[in-house]
Every structure is written in C-alpha cells, then in structure tokens.
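Subject: The model, and some notes to go with it

Hello,

Here is the structure I promised to pass on. Please have it open while you read the notes below.

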Amino acid sequence: MPDAGAERATRQAVGRARVVVVKVGSSSLTTALGGLDPSRLDGLVDAVAGRVRQGSQVVLVSSGAIAAGLAPLGLKRRPRDLATQQAAASVGQQLLAERYAVSFARHDLTVGQVLLTSDDVVRRAHYRNAQRTFGKLLSFGVVPVVNENDTVATAEIRFGDNDRLAALVAHLVGAQALVLLSDVDSLYTGHPALPSSRRIGYVPDAAALIGVSADARGSDVGTGGMASKLTSALTATGAGIPVLLASAGQAAAALAVGAGSDPADRSDTDTGPTVGTVFAPAHRRTSARLFWLRHAAHPVGSLVLDDGAVAAVTGRRKSLLPAGITAVRGDFGSGDVVELVSGDGTVVARGFVGHDSTELPAIMGRSLSALPEELQHEVVHADDLVVVTEPATAPAPSIPGV
Ligand SMILES: Nc1ncnc2c1ncn2[C@@H]1O[C@H](COP(=O)(O)OP(=O)(O)O)[C@@H](O)[C@H]1O
Ligand SMILES: N[C@@H](CCC(=O)OP(=O)(O)O)C(=O)O
C-alpha cells in the first residue's frame with residue numbers, strides 16, 4: 001500500500017530544494033520534423049527562471065545537440081555512426097547554447113555552457129575541478145547548461161545518455177533534488193502506449209520497480225528510454241537525492257515550490273509539485289567518496305577473487321586479504337580504483353586498492369602472517385569498497401540495483 005505521507009514528504013523535498021538539477025531530453029526540445037522548437041525551449045526556460053526567482057539555484061542538463069544539428073546538415077534522422085553524431089552535435093550544440101542564452105536573457109539570467117566528458121566525472125581530480133566550476137557559476141547567479149561533450153567523446157568513454165550524467169551532476173553540485181523532464185508525464189508499469197499500463201505516482205525504493213517494464217529504446221531523437229531514467233533516478237536516490245520524473249510540458253508545475261506554499265511557510269498547505277512520479281531518497285545516504293567509487297570512478301585494474309574471498313567481501317563485508325586473490329590484471333598504484341571480480345568474471349565490488357600492482361603477484365594466495373611486516377595489510381579495506389553486482393562485459397542492466 002503506497003504511503004501518502006511519505007509521497008508527500010518526497011514531493012515537499014523536491015519543492016523545497018535549494019539546489020535543483022533539471023534534465024531535459026531531446027524529444028522535449030525538438031519539433032516533429034526535427035530541429036529545435038523555440039516555443040518548447042522557451043516554456044522550459046520560463047519554468048527554470050521561475051524556480052530561480054523563488055530562490056533556488058538550478059543546473060540544467062540539456063540534451064538536444066545531435067537532434068538540433070540534423071536539419072542544418074540535411075540529415076533526415078539521427079545518425080547511427082559516431083562520427084556523424086559528433087558532427088551533428090558540433091553544429092547543434094552551438095545552436096542550442098545560442099537559443100538558451102537568448103531565452104534566459106528574457107528573464108535577465110545569464111547561462112554558462114558546461115560540456116563534460118566522462119573523464120571529468122570519473123577521475124577524481126577532474127571531478128573536484130568540475131565541482132569548483134559549478135560552485136563558481138552558481139555563486140555568480142548563472143544557470144549552468146550542461147551536456148556531454150559529444151564532439152570529442154569517443155565510443156569507449158561516452159556516457160551516451162544524459163540521464164546518468166544528470167544524476168552524477170546532481171551529486172557533484174550537492175543538489176537536493178533531481179527533476180527529469182521527458183515526453184511522458186510519469187512512470188508507468190509498462191510502455192504508456194499499452195492499455196494495461198498503469199501510472200505510478202510514487203516509488204518508495206528500488207524494490208517497488210520490480211515488475212515495471214521500462215524500455216531501453218528512446219524516442220526517435222532520444223537515447224536510453226525509460227530504463228536509463230530509472231537507473232538515473234536510483235543513482236540519485238541512493239545518494240539521498242529525491243527525484244521527480246515529469247513531462248517537459250509540465251515543467252512549470254514540476255519546478256513549482258509547492259501548491260499553496262510560501263518558502264517561509266512550511267505548513268500543511270505545502271504539497272510540493274503535484275505532477276509526475278517521485279522517487280524517495282534512500283534512508284542510508286552513501287558517502288560522497290563511496291558514491292563516486294560506485295558510480296563515477298574509472299577502474300584501472302582488477303583483482304580476481306576465489307569463492308571464499310567473494311563470500312567474505314560481498315556477504316560478510318570483510319576486507320580483501322592477499323590470501324583470497326588468484327590473479328591481478330592491470331597496472332595500478334596504491335589508492336587507485338580496481339574492480340574485484342569472481343572466478344566466472346562477474347564484477348562483485350569496486351575498491352580503493354592498498355597495494356601497487358607490482359607488489360601483488362608475490363603475495364597473492366598467501367596469509368598475512370607469512371608476509372614481511374610492511375606488506376601485512378589488507379589489499380582492499382572494507383571501508384574502501386562498495387559491493388556491486390554486474391556482469392564484467394555485458395552492458396548495464398536496464399534497472400540495476402544501486
Ligand atoms: N514504463 C514506462 N513508463 C513511461 N515511459 C516509458 C516506459 N517504458 C518506455 N517508456 C518510453 O520512454 C520514453 C522516454 O524515453 P526517451 O525517449 O529516451 O526520453 P528523453 O528524450 O526525454 O530522454 C517515453 O516516451 C515512453 O514512451
Ligand atoms: N548528448 C546528446 C544527448 C544524449 C541523450 O541522452 O539524449 P536524451 O535521451 O534525449 O536525453 C545530445 O545532446 O544530443
């Protein structure tokens with residue numbers, strides 16, 4: 001039975017958030033014939049500006065570069081090959097940025113374009129650098145408009161979908177809410193075109209999504225579909241950030257501070273935004289360091305574990321000792337991020353490693369007491385690892401548990 005009180009509290013939290021990340025998809029910014037739709041973009045900007053006027057800081061993660069670049073290049077549909085996508089993004093991003101600058105200027109707001117590659121959020125030093133940039137832009141009252149730097153992102157390092165990028169940015173800027181705006185008004189139990197699909201207003205936790213069928217195919221111009229939105233939502237809620245999924249056409253209602261609410265009056269009249277689907281934040285908030293390790297870090301090597309070590313690390317949340325390692329892959333130093341892999345190749349955890357890769361072959365399989373004193377320590381300390389369950393080579397599942 002859904003808990004109306006808990007749903008209301010989540011909606012209020014979205015409405016009261018001081019820092020909000022808003023993500024909008026390509027399909028919500030383009031016309032049916034392709035190309036940017038200025039009136040839809042203006043509608044979104046009006047809603048964002050309204051929230052800024054209410055005292056919030058808003059970061060806008062906007063897709064649409066590739067879609068906006070199609071018509072100027074004479075392309076009829078979204079290209080499949082990376083090089084043509086990159087060319088379209090190069091042309092389209094320019095148009096998108098220009099349109100946002102003009103549109104926000106109607107509200108006397110300045111925008112700052114932030115194009116990120118995955119390196120900017122997966123490498124720790126870059127992550128901090130991006131954090132500083134956002135902090136400065138927001139302190140100037142600027143609305144940062146973020147997209148992936150598609151023109152230079154290679155197939156290997158690409159995010160490919162801005163839903164995931166938006167969740168990482170929400171964490172990076174310390175947002176108190178993530179608002180995902182799409183071309184669908186809510187999450188449904190199945191594809192909204194199916195008569196059997198039912199609207200879901202509130203998702204208390206990841207378990208509530210069992211049985212929900214979320215398509216990984218996006219619209220003609222978008223990517224990722226609903227599956228990537230759910231992954232994004234669970235990533236954000238795992239970091240303690242409530243999420244609202246709504247349609248871009250309802251942006252004003254989605255970004256409202258709350259029906260009948262005045263920011264100074266936190267009374268019962270404050271409902272928070274009443275549209276869309278809200279996802280409650282997890283009770284146990286992951287620390288910033290472990291969130292980064294789980295969702296953003298780029299592993300530079302891997303350690304293969306025997307069955308006993310897998311059980312100890314994943315089941316009993318123990319540290320990884322040299323005795324449980326059967327193979328070492330990659331070239332890494334102490335403090336780097338590595339994957340812990342079971343014998344069948346499944347990634348079971350990620351951690352900050354306590355040894356250089358050159359030290360490990362001589363000590364793996366051996367008990368601590370048999371080692372020289374300076375090497376008598378954990379390979380990955382229990383406080384430095386997060387348990388994950390994902391196949392080593394397959395793409396991420398459509399709704400991974402986070
Ligand atoms: N369970 C579901 N609930 C809602 N929408 C769904 C579901 N499964 C698939 N979809 C589809 O996902 C689409 C949104 O994904 P996408 O086209 O990638 O959006 P965007 O361009 O906004 O990122 C919706 O138009 C909807 O048809
Ligand atoms: N970076 C790409 C968008 C990729 C993407 O995630 O698109 P969408 O599914 O429409 O949010 C672009 O600007 O075209």
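Predicted model: local features only at pLDDT ≥ 70, side-chain atom pairs only at ≥ 80, totals over all residues.

Residues are numbered from 1 along each chain as its sequence is written, and chains are lettered from A and ligands numbered from 1 in the order in which they are written. Helices (H or I, at least four residues) and strands (E, at least two) are DSSP runs, numbered from the N terminus.

Staying with helix 2, its buried residues are Leu-41, Leu-44, Val-45, Ala-47, Val-48 and Arg-51. (Buried means that 20 or more other C-beta atoms lie within 10 Å of a residue's own, exposed means 12 or fewer, and partly exposed is in between; C-beta atoms are placed from the backbone.) Viewed down the axis of helix 2, these buried residues fall within an arc of 160 degrees, so they line one face of the helix; the arc is that of the directions from the helix axis to the C-beta atoms. Their cover includes strand 1, strand 2, helix 4 (82-105), strand 4 (143-148) and helix 9 (251-254). On the other side of helix 2, Ser-39 and Arg-53 are exposed. Just after the helix comes Gly-55, with a positive phi of about 105 degrees.

Eight strands form an open sheet with mixed pairing, in the order 3-4-2-1-5-9-10-8. Strand 3 (111-116) and strand 8 (202-203) stand at the edges with a single partner strand each, so one side of each has no neighbour in the sheet. Two strands count as paired if DSSP finds at least two bridges between them. Strand 5 and strand 9 pair in the parallel sense over five bridges, with Leu-181 opposite Ala-246 of strand 9. Strand 9 (residues 243-247) and strand 10 (residues 277-279) are antiparallel, over three bridges; there, Val-243 has Phe-279 as its bridge partner, and Leu-244 stands opposite Val-278. Four of the five residues of strand 9 are buried, so this strand is largely enclosed by the rest of the structure.

Last, the annotated positions. UniProt, in an unreviewed entry, gives "binding site" at Ser-63, Asp-150 and Asn-162; its positions are in the numbering used here, feature names are shortened, and annotations may be inferred rather than shown by experiment. Although spread over 100 residues of sequence, these three cluster in space, with a largest C-alpha distance of 10.8 Å. Ser-63 sits in the loop between strand 2 (57-62) and helix 3 (65-70), and it counts as buried because it has 29 C-beta neighbours inside 10 Å. Asn-162 belongs to helix 7 (residues 162-172) and is buried too, with 28 such neighbours inside 10 Å. Its contacts (C-beta atoms, placed from the backbone, within 7 Å), leaving aside neighbours within four places in sequence, include Lys-23 and Ser-63. UniProt also lists Lys-23 under "binding site" (unreviewed entry), and this residue is found in strand 1 (residues 19-24).

Best wishes

Technical notes:
Contact = placed C-beta atoms within 7 Å.
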